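Biologist: I would like to learn how to read helix packing. Please take me through it.

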Amino acid sequence: MNTSQYDRQQWISVMAKAPAKTLIALSDSLVKTHPFETIRAPEIGLTQVQARMGGTGKPFNLGDTPLTRCVVRTPDGIYGYSYIAGRNKAHALRAAELDALLQLEAYHAQITEAVLIPLKAEQDAHRQQKITQTSKTRVDFFTLVRGED
């Protein structure tokens with residue numbers, strides 16, 4: 001299957017941001033029957049996070065965050081990768097397995113329908129709820145100009 005880099009980035013992002021319990025529950029029946037070879041078992045490390053002042057300024061080191069990564073391979077030779085913020089090895093393993101299966105045409109539509117679409121809808125609803133909550137507390141600042149003619 002020929003997937004674009006953008007599509008793959010999107011599904012990896014959705015799986016990485018999803019709650020681990022939800023991701024595992026939605027995908028349990030799809031992944032359990034498929035054999036995987038573990039190339040790099042889930043391992044926990046640290047990565048440095050950079051930020052930009054105001055979102056556009058010069059980058060600075062914000063701090064370190066724990067990261068769990070994993071690599072698996074299907075019998076077809078397709079590699080699946082995951083990098084998950086936090087220390088959840090089960091989450092990283094499942095995301096890597098799903099990444100590998102999503103690259104196979106036989107599983108792509110089924111996993112997209114059963115896992116990615118519900119997760120994306122949940123993330124969009126959560127994001128919309130946050131926007132609604134913060135918009136209630138929004139303050140518009142303005143300055144009155146004194147007439148100094």
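Modeller: Start with angles. Those under 35 degrees count as roughly parallel, over 145 as roughly antiparallel, 65 to 115 as roughly perpendicular and the rest as oblique. Axes are lines fitted to C-alpha atoms, for helices over the stretch in contact, and angles run from 0 to 180 degrees between N-to-C directions. Helices (H or I, at least four residues) and strands (E, at least two) are DSSP runs, numbered from the N terminus. The model is predicted: local features need pLDDT of at least 70, side-chain atom pairs count only at pLDDT 80 or more, and totals for chains, interfaces and linings use all residues. Residues are numbered from 1 along each chain as its sequence is written, and side-chain values use heavy atoms, with hydrogens and water left out.

Biologist: At what angle do α3 and α4 cross?

Modeller: At roughly 140°, with axes that come within 8 Å. α3 and α4 are therefore oblique to each other.

Biologist: Which residues make that contact?

Modeller: Contact means heavy atoms within 4.5 Å. α3 uses Leu 98, Leu 101 and Leu 102; α4 uses Tyr 107, His 108, Ile 111, Thr 112, Val 115 and Leu 116. For classes, Ala, Val, Leu, Ile, Met, Phe, Trp, Tyr, Cys and Pro count as nonpolar, Asp, Glu, Lys and Arg as charged, and the others, Gly among them, as polar. The α3 and α4 contact has 7 nonpolar, 2 polar and no charged residues.

Biologist: What is the handedness of the α2 and α3 crossing?

Modeller: A crossing is left-handed if the near helix is turned anticlockwise from the far one by less than a right angle, and right-handed if clockwise. The α2 and α3 crossing is left-handed. Their axes come within 10 Å and cross at roughly 45°. The α2 residues in this contact include Leu 23, Ser 27 and Leu 30, and those of α3 include Arg 94 and Leu 98.

Biologist: How does α1 pass α4?

Modeller: In a left-handed crossing. The axes of α1 (residues 5–17) and α4 (residues 105–136) cross at roughly 55°.

Biologist: How many residues has the largest nonpolar core?

Modeller: A nonpolar core is a set of buried (under 20% relative accessible area, 1.4 Å probe, protein chains only) Ala, Val, Leu, Ile, Met, Phe, Trp, Tyr and Cys residues joined through side-chain atoms within 4.5 Å. The largest has 22 residues, and those with the most contacts inside it are Met 15, Leu 23, Leu 98, Ile 111 and Val 115. α3 gives the most, 7 residues. Leaving aside neighbours within four places in sequence, Val 115 is in contact with Leu 23, Leu 26, Ser 27, Leu 30 and Leu 98.

Note on methods. Buried < 20%, exposed > 50% of the residue type's maximum accessible area, 1.4 Å probe, protein only.
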